[in-house]
Amino acid sequence: MTAVDKQQACVFGLSWGDEGKGKIVDLLCPAFDVVTRFNGGANAGHTVCVGDETFALHLLPAGVLRPNVLGVIGPGVVVDPIALLSEIDGLAARGVDVAGQLRISDRAHLVLPYHKLEDQLSEKAASEGKRIGTTSRGIGPCYADKMKRSAAVRFVDLLNKDALQQRVRRIVEQRRAMLSTRYGDDFELDADAVLADLETARSRLAPSICDTSELLHEAADEQKSLLFEGANGILLDVDHGTYPFVTSSSAGPHGIWAGAGFAPLEVTFRIGTTKAYATRVGAGPFVSELENVVGDRIREAGHEYGTTTGRPRRCGWFDAVSCTYAARLSSVTDIALTHLDTLSGFEQIGVCVAYRIDGKTTTRFPADTSLLLRAEPVVEFVPGWTGDLRSVRTFDELPEEANAYIERVEALVGAPVTLAGVGPDRSQTLVRGRIRRLIDVSEPTTA
Ligand code: GDP
Ligand code: IMO
Ligand code: MG
């Protein structure tokens with residue numbers, strides 16, 4: 001569809017990922033012509049539920065599930081070409097053909113088997129406390145190669161077959177030597193197999209490879225509407241997250257400029273997504289974590305198991321300290337607060353409003369991981385609500401206590417909650433405020 005007014009928007013995570021970005025992107029997509037991923041790789045797992053069908057997207061922008069939306073993988077994404085092809089094939093097997101709707105940046109870097117191998121081996125070798133708990137998708141090693149420059153492979157290189165052959169053989173041999181020196185010889189890495197994969201990728205993906213930055217500029221000139229889909233979350237951002245327990249890319253609107261090759265000056269809707277509680281997969285500080293029956297109850301009620309790795313997610317109360325930090329950093333205009341339905345039935349709901357560190361109370365989010373690891377949450381309790389929220393379709397229909405909770409989150413974070421999740425389905429998002437003009441009026445989701 002061609003939107004009436006040109007719009008530019010971004011959906012991203014305000015927490016440690018898995019906030020429900022996929023669902024919000026899917027909801028907004030009918031108003032957009034192009035949806036662009038600008039960071040991360042197959043570490044992402046964005047879920048879209050439509051009726052009985054559930055789709056988990058890792059590299060494809062969630063927008064491609066909507067017909068006529070062009071999906072773009074920008075230069076800031078690291079792409080495992082075989083994972084991408086299996087995602088495309090998986091959707092095709094379910095009757096969703098997205099191949100023609102996809103464009104991949106010629107400047108995007110490829111994740112190759114030795115990246116995944118290094119990710120797995122280095123994590124295995126790391127001592128407890130140093131292990132990040134990565135998704136094993138080769139993300140860190142690929143971004144490291146990109147920065148090091150001497151051994152990186154980009155999509156544009158796929159198009160130059162002869163040069164690529166020699167280059168990949170050299171890189172694989174160097175990588176084998178490095179890996180065996182560090183981790184021993186117990187792994188398989190075969191240059192011919194890597195080259196065969198690259199040939200498959202070249203033959204199938206070549207028609208989709210282009211200068212996607214130019215594509216976005218032309219689309220903007222033609223008054224098309226652009227949506228940017230962030231992966232991971234601001235607290236996992238390489239510069240601003242809980243370093244070193246982070247991913248290797250820029251996960252907020254700030255990532256668009258570099259990762260999509262497009263100045264986000266007119267991205268006037270900056271939609272930060274967060275759950276009504278907090279979750280984290282992998283290691284690292286999590287001040288409001290509940291390592292008790294309450295956390296277990298949230299995990300079971302919210303089905304908190306990773307979309308990409310299936311790992312149980314760590315659960316805790318909503319953390320206003322980290323969320324306010326992430327909201328400021330991203331100049332958020334709209335908060336999408338998901339999983340309100342999951343908290344139904346809790347007599348009281350905790351909100352972490354400050355941290356207590358070494359006897360002092362603070363609402364600042366410190367850079368020092370050791371401070372975060374010993375911080376204690378200052379938790380304020382608000383009354384909970386009961387009832388099944390999944391059929392609620394407007395904010396007015398929500399229990400009074402749920403609206404009071406939303407108001408408390410808005411006051412603490414300093415931004416309006418204009419989208420609220422009451423279930424995983426496409427139809428289970430409440431919408432209010434100016435963002436309503438982005439939602440297709442034919443959708444049964446508008447407030
Ligand atoms: P993403 O990575 O941010 O796209 O989030 P994920 O898809 O990894 O994880 C979010 C999970 O919560 C998925 O299983 C979604 O289907 C589900 N979900 C999203 N919003 C809601 C909501 O409001 N209520 C419930 N119960 N589930 C939701
Ligand atoms: P979406 O887009 C949740 C976490 C990993 C690990 C750390 C580093 O679905 O929200 P990496 O493989 O990137 O080197 O892992 O970051 N992580 C995510 N957690 N959702 C994600 O993406 C994540 N992407 C990375 O669990 O702790
Ligand atoms: Mg996810």
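**Entry 1, the model.** I am working from a predicted model.

I looked up helix H13, which covers residues 400-413. Its 14 residues, at 1.5 Å a residue, should span 20 Å, and I find the end C-alpha atoms 20 Å apart, so the two agree. I listed the buried residues of H13 as Ala402, Asn403, Tyr405, Ile406, Val409, Glu410 and Val413. Looking down the axis of H13, I see these buried residues within an arc of 155°, so they line one face of the helix. On the face turned away from the buried side I noted the exposed residues Glu400, Glu407 and Ala411. I then checked what the buried residues of H13 pack against; among the partners are helix H11 (320-329), strand S16 (348-357) and strand S18 (376-383). After H13 comes glycine 414, with a positive phi near 80°.

Which residues coordinate the magnesium ion (ligand 3)? I find Asp18 (OD) and Gly45 (O), at 2.1 to 2.2 Å. Aspartate 18 sits in the loop between strand S1 (8-13) and helix H1 (21-28), and glycine 45 in the loop between strand S2 (34-37) and strand S3 (46-50), so the pair ties together parts 27 residues apart in sequence. Glycine 45 has 10% relative accessibility, so I count glycine 45 as buried.

I traced an open sheet of 10 strands with mixed pairing, in the order S9-S7-S5-S2-S10-S1-S11-S15-S19-S20. Strand S9 (209-210) and strand S20 (429-431) are the edge strands, each pairing on one side only. Isoleucine 104 has isoleucine 209 in S9 as its bridge partner.

Technical notes
Residues are numbered from 1 along each chain as its sequence is written. Chains are lettered from A and ligands numbered from 1 in the order in which they are written. This is a predicted model: local features need pLDDT of at least 70, side-chain atom pairs count only at pLDDT 80 or more; totals for chains, interfaces and linings use all residues. Side-chain values use heavy atoms; hydrogens and water are left out. Helices (H or I, at least four residues) and strands (E, at least two) are DSSP runs, numbered from the N terminus. The expected span of a helix is 1.5 Å times one less than its number of residues. Buried means under 20% relative accessible area, exposed over 50%, partly exposed in between (1.4 Å probe, protein chains only). The arc is that of the directions from the helix axis to the C-beta atoms. Contact means heavy atoms within 4.5 Å. Donors are N, O and S atoms within 2.8 Å of the metal (3.2 Å for Na, K and Ca); water is not among the atoms, so sites may look incomplete. Two strands pair if DSSP finds at least two bridges between them.
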